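Trainee: Can you walk me through this one? I have the model open.
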Amino acid sequence: MDDLNYDIAVIGGGIVGTTAAYFLAREGMKVALVERGRLAGGTSSKSFAWINGTSKTADENYHRLNARGLAAYCELAVEFGEDALGLNPAGSLNVVRRSDAAGYAAAKERARVLAEFSYPATWVDRKVLGAMEPHVNFPDDAEALYAMADPCLNAPHFVRFMADQVRARGGTVYEDCAAQTLEVRDDGQVTGLVTEKATLHTERVLLAAGPGTPEVLSELTGYDAYAARFPLRKVPGLLLRTPSNSPHRLIRHVLYLSMDAEIHMLPDFNGGLKIGADDTDGMVEADSALEHLHNVAAILLDRAKDYLPGFAGRDCLDKCELTVGVRPFPEDGHSLAGALPGAKGLYLIATHSGITLAPAIGGLMAELITTGATPEMLKPFTLERIKGF
Ligand SMILES: Cc1cc2nc3c(=O)[nH]c(=O)nc-3n(C[C@H](O)[C@H](O)[C@H](O)COP(=O)(O)OP(=O)(O)OC[C@H]3O[C@@H](n4cnc5c(N)ncnc54)[C@H](O)[C@@H]3O)c2cc1C
């Protein structure tokens, strides 16, 4: 650590902080990326990692921010190539049954809204569905919303790749180096960041600590109330990764099967499946005992086997990797991104759907920080909307 002067220090080596660091470095800033553990050691490595605007149709601004994320990955893929990024352009299928009147109507309505938003998606019937996923045992009345541009991501790989790009643009990545406190002048201007290893001299700090954001904000500023009042919920979710199914890939798309029992699966980068479900997420905590996780995972494997006759199901439980990730979930469900009101030089990003949103918000935050003007697309998501800030 010789030259400790930086244009900006970014706290958090998950997908959100690392991608923002990349866009800042691309703008010509000298960036320090500070991670208390290893890169991608937090939620970003325990994510389903489906990149999409498909599931976000309730609010147009939020949909467009997610669609911008998808577009930003396409731009990065043109620059670096999909393999370098760890991007699989799989497309997604949200499968419903005609006999489930409410579920079917909701999916049709989503298709209508996506068409209105010019999002790349179409409706497919049972015959086409069967041809698209030949190993899956769909009911006779199944149909699907097909979002052909939705990819999935090897998120830890992507984070490490983005960190390499930060280094290539003259930035420094500090791992095993927790950020501790801010140095601040009497007029409120940030002047430095004290870390476990050294004090970095910088007038700008961007906090992207995922689910730890409220606590880290309190530590940095010495203002305890942030930890209690910051509007972020921590929502755990269980995923399991099966061993490779070689020689069969079993599925080709990101599948959301909203039928008798919900399950979502995608073709994992190891040749196996990554599997989760919304209801089983509600059965786990961040500190659930392994035995309990195994019981919940067995439910997921049974459901997967119902759809995939060629799959080992719970017979492969011992060889599966189980993870419980903690979602940083803003209370109103939408991203928090912008300058911290009242602080000079302190910025923050905290968001769910961070895999999808990282390159959208990272690019927009780099624009905000380098120009001082908030981009239109970011305006609905700044921190001013939080009462009491
Ligand atoms: C089960 C599950 C499924 C999901 N599925 C999807 C999906 O399909 N699509 C999607 O878009 N999103 C999905 N998400 C959400 C997405 O994974 C998260 O929004 C995203 O990973 C958050 O990234 P992050 O960088 O903010 O947080 P993290 O990855 O947690 O990174 C924050 C980093 O900050 C570091 N840190 C904390 N404190 C300090 C400190 N004091 N000093 C230095 N470093 C510090 C941590 O060590 C950590 O590495 C899912 C999440 C879960 C749990």
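Mentor: Domain bounds here come from an automatic or database domain assignment. That assignment gives domain 1 (8–46 + 155–231 + 332–385) and domain 2 (89–144 + 236–327). This is a predicted model: local features need pLDDT of at least 70, side-chain atom pairs count only at pLDDT 80 or more, and totals for chains, interfaces and linings use all residues. Residues are numbered from 1 along each chain as its sequence is written.

Trainee: How far apart do the C-alpha centres of the two domains lie?
Mentor: They lie 32 Å apart. In contact (C-beta atoms, placed from the backbone, within 7 Å) are 4 residues of domain 1 and 6 residues of domain 2.

Trainee: Changing topic: is strand 19 buried or exposed?
Mentor: Strand 19 (residues 346–350) has 5 of its 5 residues buried. Buried means 20 or more other C-beta atoms within 10 Å of a residue's own, with C-beta atoms placed from the backbone. Strands are DSSP runs of E, at least two residues, numbered from the N terminus.

Trainee: Which residues sit on each side?
Mentor: L346, L348 and A350 are on one side, Y347 and I349 on the other.

Trainee: What does strand 18 do there?
Mentor: Strand 18 (residues 336–339) runs antiparallel to strand 19, joined by 4 bridges. A337 stands opposite I349.

How values were computed:
Contact = placed C-beta atoms within 7 Å. Buried ≥ 20, exposed ≤ 12 C-beta atoms within 10 Å, placed from the backbone. Pairing = 2+ DSSP bridges.
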